[in-house]
Amino acid sequence: MKCRVCRGPAVIDVRRHNANFCGDHFVRHCQEQVRRAIDDFDMINPGDRVLVAVSGGKDSLAVWDLLLGLGFEADGLYIGLGIGDYSDTSGSYARRFAESRGLKLLEVDLPTDHGFDIPTGAKAAKRVPCSACGLSKRYLFDRAALEGNYDVLVTGHNLDDEAAVLFGNTLRWDVDYLGRQYPVLPSRSGFPKKAKPLVRLTERESAAYCLITGIDYLVDECPMAAGNRHLGYKELLNDLEVRSPGAKADFYFSYLRNAASYFRSPEGAPTAELGECGRCGAPAQGELCAFCRLQERAAAVAVDAPRRRTATTTDSVSAETTTSDIAASHEQHHDSYTGGSQ
Amino acid sequence: MPGPVLVSVLVERLDINRESVLVVRNGMLVPGDERLEDTDEVEIRPVISGGS
């Protein structure tokens with residue numbers, strides 16, 4: 001295979017573009033795709049202060065590197081979620097990346113700063129860990145971006161992520177979630193502007209970018225994500241992609257071009273009125289925001305745990321109320337997926 | 001698996017979706033038409049992550 005641009009030896013084929021690239025021109029291809037996404041969707045303006053949510057995985061480190069390469073000023077934010085050795089390892093990848101480049105990395109540790117970890121939070125919410133994780137990350141990302149006066153919060157969502165979320169939302173014809181799925185979401189009271197500059201690159205391209213540019217990232221998958229629905233959707237879409245290269249991009253970008261406007265409110269934001277959390281001041285549907293309620297329930301689980309070892313009573317947390325917590329978290333004007341876990 | 005074998009054939013024989021992996025030989029990314037030899041150290045690196 002020869003590089004489409006220079007005719008030198010290719011290192012990767014990108015079938016949906018019917019193109020092969022050498023290392024240098026593949027990096028340029030990635031830069032062009034990110035530049036185009038930023039311009040097409042008005043994601044970042046010149047001079048904006050950008051906060052990149054980094055997990056230590058390929059997507060978040062790639063997008064941080066790409067933004068810096070395009071001349072943007074970008075700091076990182078790492079959230080330790082207390083998922084055992086996995087969190088320790090992922091944090092070390094994020095720190096090494098930042099240190100080796102002299103970059104600023106903000107850190108929040110969920111167990112230390114908020115008193116619970118994701119396994120405990122998931123148990124308290126009676127949901128799969130990814131739900132408690134997504135809720136916590138959204139809250140902590142928003143808070144860090146607002147407190148740091150950043151203009152844009154960037155996440156490493158790629159084309160596969162977005163196509164899989166769209167696939168799930170379409171399977172259920174969930175019009176609320178469909179209305180919130182867009183590569184950029186404007187800021188509004190209590191929420192920072194959010195952008196996903198990798199939407200024009202697949203996961204395979206994002207991983208290849210890291211390999212070619214020497215970015216050392218955590219390859220292992222989060223142990224709590226194994227077998228989740230999102231992964232199943234990605235497998236289905238990749239089966240389709242092999243048969244019909246470009247299918248994922250068609251599905252996602254045709255939706256944005258031809259259908260998204262039918263589901264969005266005129267401002268691109270949900271219409272439901274939100275109050276203020278009585279504890280932290282974040283947007284909330286009730287007295288407390290979803291994160292503070294999760295924190296309360298996680299504390300109750302932690303306190304109850306020793307007692308339950310000798311008791312036979314069922315969990316005191318109501319499945320009905322915890323489900324509404326999760327729903328409230330989705331009420332926020334962002335989609336339910338926030339990139340790699342830590 | 002004995003070599004020589006093309007990257008694309010190796011991935012197909014292992015019943016792996018080519019969109020879900022990268023093939024790395026001796027630390028370097030290789031495309032589908034590259035020929036792998038018996039002496040090559042080959043990594044098939046998964047690229048799909050499921051964080052949600």
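**Rings, sheets and turns in chains A and B**

A:Arg49 lies over the face of A:Tyr150, at 4.1 Å from the ring centre. A charge is said to sit over a ring if NZ of Lys or CZ of Arg is within 6 Å of the ring centre and within 35 degrees of the ring normal. A:Arg264 is placed over the face of A:Tyr182, with 3.9 Å to the ring centre.

The model is a predicted one: local features need pLDDT of at least 70, side-chain atom pairs count only at pLDDT 80 or more, and totals for chains, interfaces and linings use all residues. Residues are numbered from 1 along each chain as its sequence is written, chains are lettered from A and ligands numbered from 1 in the order in which they are written, and side-chain values use heavy atoms, with hydrogens and water left out.

Chain A contains 14 helices and ten strands. Helices (H or I, at least four residues) and strands (E, at least two) are DSSP runs, numbered from the N terminus. Of the 342 residues in chain A, 56% are buried. Buried means under 20% relative accessible area, exposed means over 50%, and partly exposed lies in between (1.4 Å probe, protein chains only). Among the contacts in chain A with a separation of 6 or more, 73% are between residues 24 or more positions apart; a contact means heavy atoms within 4.5 Å. The accessible surface of chain A is about 14500 Å², and carbon and sulfur atoms account for 48% of it. Accessible areas come from the Shrake-Rupley method with a 1.4 Å probe, and for residues only the protein chains shown count as cover.

Next comes a sheet in chain A. Six strands form an open sheet with mixed pairing, in the order β5-β4-β3-β6-β8-β7. Its edge strands are β5 (105–109) and β7 (184–185) of chain A, each of which pairs on one side only. Two strands pair if DSSP finds at least two bridges between them. In chain A, strand β3 (residues 49–54) and strand β4 (residues 73–80) are parallel and share six bridges. A:Val52 has A:Gly76 of β4(A) as its bridge partner, and A:Ala53 has A:Leu77. Seven of the eight residues of β4(A) are buried, so this strand is mostly covered.

Helices lie across this sheet. Helix α2 (residues 58–69) of chain A lies across β3, β4, β5 and β6 (152–154) of chain A, and runs at about 160 degrees to β3(A). Helix α6 (residues 129–147) of chain A lies across β3, β4, β5, β6 and β8 (193–195) of chain A, at about 140 degrees to β4(A). For these angles, axes are lines fitted to C-alpha atoms, for helices over the stretch in contact, and angles run from 0 to 180 degrees between N-to-C directions.

A:Asn149 lies in the loop between α6 and β6 of chain A. A:Asn149 is not a glycine, yet has a positive phi of about 55 degrees. Most residues other than glycine have a negative phi. With a relative accessible area of 59%, A:Asn149 is exposed.

Over all chains, the whole structure holds nine aromatic pairs. One of them joins A:Phe167 and A:Tyr233, edge-to-face, at 5.3 Å centre to centre and 70 degrees between the planes. A:Phe167 lies in helix α7 (residues 159–171) of chain A and A:Tyr233 in helix α10 (residues 229–243) of chain A, so the pair ties together parts that are 66 residues apart in sequence. Rings of Phe, Tyr and Trp (its six-membered ring) pair if their centres lie within 6.5 Å; planes under 30 degrees apart count as stacked, over 60 as edge-to-face and the rest as tilted. A:Phe167 is partly exposed, at 23% relative accessibility, whereas A:Tyr233 is buried, at 11%. Ring pairs also link A:Phe116, A:Tyr139 and A:Phe291 into a cluster.

In chain B, five of the five residues of β2(B) are buried. B:Val21, B:Val23 and B:Arg25 point one way from β2(B), and B:Leu22 and B:Val24 point the other way. In a regular strand the side chains alternate between the two faces of the sheet. β2(B) runs antiparallel to strand β5 (residues 42–46) of chain B, with five bridges between them; B:Arg25 has B:Val42 as its bridge partner. β2(B) also pairs with strand β3 (residues 28–29) of chain B, in the antiparallel sense over two bridges. These two strands form a hairpin with two residues between them, and B:Asn26 in the turn has a positive phi of about 50 degrees.
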